[in-house]
Amino acid sequence: MQHPVNVFTGKIRDYSGSRPSAIAKLQVEGELMLTERGLAGDEQAETSYHGGTDRALCHYPREHYAHWKTMFPEQAALFFAPAFGENLSTEGLTERNVFIGDIFHWGNALIQVTQPRSPCFKLNFHFSISDMSSQMQASGRVGWLYRVITGGKVNVDAPLELVSRNSDVSVLDAAAIAWHMPFDDEQYRRLVSAAGLSASWTRTIQNRRSSGKIEDNSRRLQGK
């Protein structure tokens, strides 16, 4: 099945009370260059946490915005693509039917799902909602990230088309294992065995298995 896609890129800007971010993106048209680092013209402010080869593109399901408008009616006007800083926006693809390791054709390019998007505290400032990142993580409506297997010129009119499924771990499963379950070594083994999982997620889950402890995510979620 083919999924029409809207495409967005952004530049780094300052946020009062927070650190610089490129979460505010604008829709682009026509032909773009896609490399292993992402789309030409798209920036990341803190490359330790954003961007890189395993996080070259961010995808967020457009249908999730109805949920956020219901949750925060006073800020409903904010909730439209690309409010969550996504590069790709579609309908019909969600965390339930997209799996770690999935490979999609996008024109002549090939991109692979590597991990759920890990919400961070910058969302709290972006939406002026103090716990937006925590609410996003708890909801499972987090979107996902891609690596670029084959880059080149891509056209925003080209749809996404699934061409290879390589694991039985959905993006929703991965998020649940990482964030919503007590320590479960068998589930961690299942997650790190998912073909295509990002290096950072593999490292985090293996660290849990070695230490027997779940890391503290408060700094990522709250900026503390």
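What percentage of the 224 residues in the protein is buried? Buried residues make up 49% of them, where buried means under 20% relative accessible area with a 1.4 Å probe, protein chains only. This is a predicted model: local features need pLDDT of at least 70, side-chain atom pairs count only at pLDDT 80 or more, and totals for chains, interfaces and linings use all residues. Residues are numbered from 1 along each chain as its sequence is written, and side-chain values use heavy atoms, leaving out hydrogens and water.

**Overall fold**
- The protein has 7 helices and 12 strands, counted as DSSP runs (helices H or I, at least four residues; strands E, at least two).
- Its radius of gyration is 17 Å, close to the 17 Å that the globule rule gives for 224 residues, so the protein is as compact as a globular protein of that length. The radius is taken over C-alpha atoms, and the rule is 2.2 Å times the number of residues to the power 0.38.
- The C-alpha trace spans about 50 × 40 × 30 Å along its principal axes.

**Contacts**
- Of the contacts with a separation of 6 or more, 73% join residues 24 or more positions apart. A contact means heavy atoms within 4.5 Å.

**Aromatic rings**
- The structure holds 13 aromatic pairs, meaning rings of Phe, Tyr and Trp (its six-membered ring) with centres within 6.5 Å.
- Tyr60 and Tyr65 have ring centres 5.6 Å apart and planes at 70 degrees, so this pair is edge-to-face (planes over 60 degrees apart).
- Tyr60 is buried at 0% relative accessible area, and Tyr65 is buried at 3%.
- One aromatic cluster includes Tyr60, Tyr65, Trp68 and Phe127.

Definitions and conventions:
Buried < 20%, exposed > 50% of the residue type's maximum accessible area, 1.4 Å probe, protein only. Phe/Tyr/Trp six-rings, centres within 6.5 Å; stacked < 30°, edge-to-face > 60°.
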